[in-house]
Amino acid sequence: MKSIVKYFRKRALMQFVEKRKSCIIPDINTYPTIAVLIDLEQLDQINAVKSKLSERFIIKEIRFFAIADTLPEKPGPDAPVCLLSKQDFHFWGIMKEERKKELSLLFYDIFLDLSNNVDELLAHDYFITVIKSSMRVNFGGSFNSLYDIVIDSKKNENMLYKIDVLNKYLNMLGGKNNEK
């Protein structure tokens, strides 16, 4: 069963890579909308991540996403969190059409995968194909070709540290060598 789910998700990932357009790097100071993929275990750190992103970038909206087998009874802090569970996916591991449409209506300037991405069924990597964004950033995962920027980091590295490293690289890409 797991190999069937992995097959269909991998096929969707490869189709996404083939259709993908080039990356548009927005101005470092004006990221109006940011999507952040986290693990369920990281829900308690949402407010700290939100503060750190607000400190580094001028933001209109931050939206957090988490994928879990079962949804927790308490969804977490008051930050907008979109929790996805097994019920959002078909038997074959592909996201249900109504949920996919709902998520594809949203557009983000930057998508950050801050999850530890240890999912053997590629749910985190598959999720990136559903979300629309100008730039996708990953901190070490299995399908690096899905992302525009891949920053090598350890699996359980602090999310706040990852944001600092991202800021440093985005400043370099934007021609600004001084860190904020």
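Predicted model: local features only at pLDDT ≥ 70, side-chain atom pairs only at ≥ 80, totals over all residues.
Consider Asp-164. Its salt bridge with Lys-52 has the closest N and O atoms 3.2 Å apart. This pair links distant parts of the chain, since Asp-164 sits in helix H5, residues 159-173, and Lys-52 in helix H2, residues 46-56, at a separation of 112 residues. Asp-164 also forms a salt bridge with Arg-56, and here the closest N and O atoms are 2.8 Å apart. Because Arg-56 belongs to helix H2 and Asp-164 to helix H5, this pair ties together parts that are 108 residues apart in sequence.

How accessible are the partners? Asp-164 has a relative accessibility of 24% and therefore counts as partly exposed. Lys-52, at 15%, counts as buried, and Arg-56 is likewise buried, with a relative accessible area of 11%. These pairs belong to a network of salt bridges that links Lys-52, Glu-55, Arg-56 and Asp-164.

The next pair is Arg-99 with Asp-88, a salt bridge whose closest N and O atoms are 3.4 Å apart. Arg-99 is in helix H3, whereas Asp-88 is in the loop between S3 and H3, and the two are 11 residues apart. Are these residues buried or exposed? The cut-off for buried is under 20% relative accessible area. Arg-99 has 13%, so it is buried, and Asp-88 has 14%, so it is buried as well.

I turn now to the surface. Ile-4, Phe-91 and Trp-92 form a nonpolar patch there, with about 310 Å² of accessible area together. Of these residues, Trp-92 is found in the loop between strand S3, residues 81-84, and helix H3, residues 97-104. The relative accessible area of Trp-92 is 41%, so this residue is partly exposed.

Finally, Ser-133. This residue has its place in strand S5, which covers residues 132-138. With a relative accessibility of 9%, Ser-133 counts as buried. Which residues does Ser-133 touch, leaving aside those up to four places away in sequence? They are Phe-107, Tyr-108, Ile-110 and Phe-111.

Key: Residues numbered from 1 in each chain as written. Heavy atoms only, no water. Patch = residues over 30% accessible without salt bridge, like charges linked within 9 Å, V, L, I, M, F, W, Y side chains within 5 Å. Areas by Shrake-Rupley, 256 points an atom, 1.4 Å probe, with all protein chains shown as cover. Salt bridge = Lys/Arg side-chain N within 4 Å of Asp/Glu carboxyl O. Helix = DSSP H or I, 4+ residues; strand = E, 2+ residues; numbered from the N terminus. Buried < 20%, exposed > 50% of the residue type's maximum accessible area, 1.4 Å probe, protein only. Contact = heavy atoms within 4.5 Å.
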